[in-house]
Amino acid sequence: MKKIIVFLIATVLAGCAGSGNKGVDCKNSAYYGYVNICLPEIKGMTECLAHENVTRIIQPYLASGPVLGYYLNNETYGKVDSLGLITYDTYFMLYGEYQHENYPAAINDLETKTAGLEKSLFDQEGFEQIEKNMGAVKAEKPVLLEKYSPHPNVRTMIVLMKYKSDGGEETSVVSAANVILVKQRLLNLAYYVAYSGVKSIDDLKQKNETVINAFLEAN
């Protein structure tokens, strides 16, 4: 169930470092099992998984799988040293599962994985696990707004969720949960923005597809 928390918790920078220049045209990459995954440059965003504050944030997620990349918008990036003290949005994370790191996936596996993620996100057991791991923050059940395929090797779900702190402050987040088949591997990419009506959903979808296209072109 840790993978569900990875997707839903609306949870990076001078000195941010990548995994090394392992590709001819790739400045930043990470290994998923034996496969080298390029982390593309995204306009207006910074990949900063290596920053110590990001490393702390992702620790709970590493029980179920590796986090390959964590991107913040540049405005938040400028406040990375205060990450644990501020609320931020417009970020995305690329992650996988240890048990599938070296599994040679195909299109049928993409469909199975997407169906499993959908079930995990919206069934009662999955939601209870989310609440348990969020501590003082309480969540309302997620709402599936849309499901589509922006690319033959990608399946996307647009999900709305609300969070409430002990102080009563309520935050709404809209997320794009992507399952991606790349280099015979299945990866998840979760993109988050603050919800402020229909425009924020359209904004998320546009940003998400820009990232998906850049990721696929780089790999």
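**View 1. Length and burial of helix α6.** In this predicted model, helix α6 covers residues 198-218, and its 21 residues should span 30 Å at 1.5 Å a residue; the end C-alpha atoms lie 31 Å apart, which agrees with that expectation. Buried positions of α6 are Ser 200, Ile 201, Leu 204, Lys 205, Asn 208, Val 211, Ile 212, Ala 214, Phe 215 and Leu 216. An α-helix has 3.6 residues a turn, so residues three or four places apart point the same way.

**View 2. The largest nonpolar core.** This core holds 30 residues, and those touching the most other members are Ile 37, Phe 92, Leu 94, Ile 180, Leu 187, Tyr 191 and Phe 215. At least two residues of the core come from each of β1 (29-32), β2 (35-38), β4 (67-73), β5 (91-95), β8 (154-164), β9 (170-182), β10 (185-194) and α6. The greatest contribution is that of α6, which supplies seven residues.

**View 3. Surroundings of Ile 180.** With neighbours within four places in sequence left aside, Ile 180 is in contact with Leu 110, Asn 153, Val 154, Arg 185, Leu 186, Leu 187, Leu 189, Ile 212, Phe 215 and Leu 216.

**View 4. The protein chain as context.** The protein chain contains six helices and ten strands. Its residues number 219, of which 49% count as buried. The accessible surface of the protein chain amounts to about 10,500 Å², with 50% of this area belonging to carbon and sulfur atoms.

How values were computed. Residues numbered from 1 in each chain as written. Predicted model: local features only at pLDDT ≥ 70, side-chain atom pairs only at ≥ 80, totals over all residues. Heavy atoms only, no water. Helix = DSSP H or I, 4+ residues; strand = E, 2+ residues; numbered from the N terminus. Expected span 1.5 Å × (residues − 1). Buried < 20%, exposed > 50% of the residue type's maximum accessible area, 1.4 Å probe, protein only. Core = buried A, V, L, I, M, F, W, Y, C linked by side-chain atoms within 4.5 Å. Contact = heavy atoms within 4.5 Å. Areas by Shrake-Rupley, 256 points an atom, 1.4 Å probe, with all protein chains shown as cover.
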